[in-house]
Amino acid sequence: MKIINPATEEVLADVELADVAETDRAVERARRAFPAWREVAPGDRARLLRRFADLVERHGEELAALETANAGHTAGNAAWEAGNVRDVLHYYAGAPEREHGRQIPVPGGVNLTFAEPLGVVGVIVPWNFPMVVMMWGAAPALAAGNTVIVKPAEWTPLTALRLAELALEAGLPQGVLQVLPGAGEVAGARLVEHPAVRKIVFTGSTDVGRLVAARAAATVKRVTLELGGKSANIVFADADLERAAATAPSAVFDNSGQDCCARSRILVERPVYEEFLDRLREAVADVTVGDPLAPGTDMGPLISAEHRERVASYVTGVPYFQGACPSGRGFWFPPTVLTHESLDDRAFTEEIFGPVVGVVPFSGEAEAVEIANNTEYGLSGSIWTRDVGRALRMARAVEAGNLSVNSHSSVRYWTPFGGVKQSGLGRELGPDALAAFTDTKNVFIAH
Ligand code: NAD
């Protein structure tokens, strides 16, 4: 497959895609590597992961440059992502020595629990955040003693392939972490159905996630699903309006809107609706779209021509406001603000996964909750108010896995992340991530 730079349309690399036979060989290598890897002493497994993290640190600029070239991420974002990969590895390098079970009082003996690694884990990754999403699954899985096969998205395998080389250089044994570029319906589907793969971490669209869950059921495979979103950014009249409007563009247009947590629906309380729109227009006019490597660029291109066409199909009629973007080579799309006559407007209900945001008015908390929850998605969201009671009521009422108040932050590697409803199943990151990569074994020993 030809790997294309989305900002220039240049061919970056030719990558061979694994077929079913190659996928089976990778599973066999991972299966054979598992018994020795789980027996590596906790402190040694920790040290290997720390060494891997140190190599990521040393190659941070190279990894960031690769991500910018392959996925069009701005240089600033890509540098943050390389740092996040390093930090996630360091964080879970602290886990092996702490992965202890419990002793539960019972009559006539001793009862112990063990957190047992599952075996071979498949991590299926989307194209929007290739290296970070890979490591959110791979790092805790490895720390728990599993062997891992990463299936990157077709369009963006380059950082994953480089990370696999760095893992070997760090001393992780052959077969412990493999990266297998391949088509979703071929290599991805084979990992999901292979009986020796015990767990799938799937990050991607809700449609494919549903299919993965159904097929995984045939072998009772454990699944973690991180799926789509249509998150609400709810602005009350008592909020710091200036700040809410100034930060709203980055909350949806970061990574060109190709972010599962994008706050792509803005709900504004009626008394400040017009004022907010005016301020938002000004803030969106300031968003700089262009060369991802240029300092000061806020937004790069979309991932592909095909994806740009899909995004464009949502913008019918005259948008409320549209910013500027380059023309010519590269898959550019301008930041776009829509207002809606109807809440059933397809652009207001479906995940667009591009730089398009819809703004609607509401009256009072109850209506805000109703609109925010009127979706099958439930990944993230923001609440802007100066009333702490309202902030808490709203935070409990909005159906989402990750919410922020007077801010748009949602992902920190040391706090849990994931969706409710059809945005996902299970949680990644945070202190409990290893639970998703182990099964509890209970052992009773008679006195
Ligand atoms: P996608 O569902 O098309 O593909 C995701 C991955 O699944 C790719 O590696 C693809 O090759 C693979 N795949 C496709 N068909 C498969 C099959 N039948 N069996 C197994 N694997 C298969 O998603 P995408 O377009 O790459 O990514 C965008 C989507 O990902 C958006 O919906 C976005 O919201 C979601 N996403 C969610 C999170 C999260 O954490 N919740 C994070 C990033 C992206």
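In this predicted model, an oxygen atom of the ligand lies 2.6 Å from an N or O atom in the side chain of lysine 151, a polar contact in the sense of a pair of N or O atoms within 3.5 Å.

| Residue | Protein atom | Ligand atom | Distance |
|---|---|---|---|
| Lysine 151 | side-chain N or O | oxygen | 2.6 Å |
| Tryptophan 127 | polar side-chain atom | oxygen | 2.9 Å |
| Leucine 227 | backbone N or O | nitrogen | 2.8 Å |

On its own the ligand has 850 Å² of accessible area, of which the protein covers 91%, as computed by the Shrake-Rupley method with a 1.4 Å probe.

The ligand is surrounded by 28 residues, each with a heavy atom within 4 Å of it, and Val125, Lys151, Glu154, Ser205 and Glu351 are the closest. By class, the shell holds 15 nonpolar, seven polar and six charged residues, with Gly counted as polar and Asp, Glu, Lys and Arg as charged.

Helix H7 (184–193), strand E8 (197–203) and helix H8 (206–216) each give the shell at least two residues, and H7 provides the largest share, four residues; helices (at least four residues) and strands (at least two) are DSSP runs numbered from the N terminus. Domain 1 (2–227 + 421–446) and domain 2 (232–405) each contribute at least three residues to the shell, the bounds coming from an automatic or database domain assignment.

Residues are numbered from 1 along each chain as its sequence is written. Local features need pLDDT of at least 70 and side-chain atom pairs pLDDT 80 or more, while totals for chains, interfaces and linings use all residues, and side-chain values use heavy atoms, without hydrogens and water.

Methods
A polar contact is a pair of N or O atoms within 3.5 Å; within protein, one must be able to donate a hydrogen and the other to accept it, and residues adjacent in sequence count only if both atoms are side-chain atoms.
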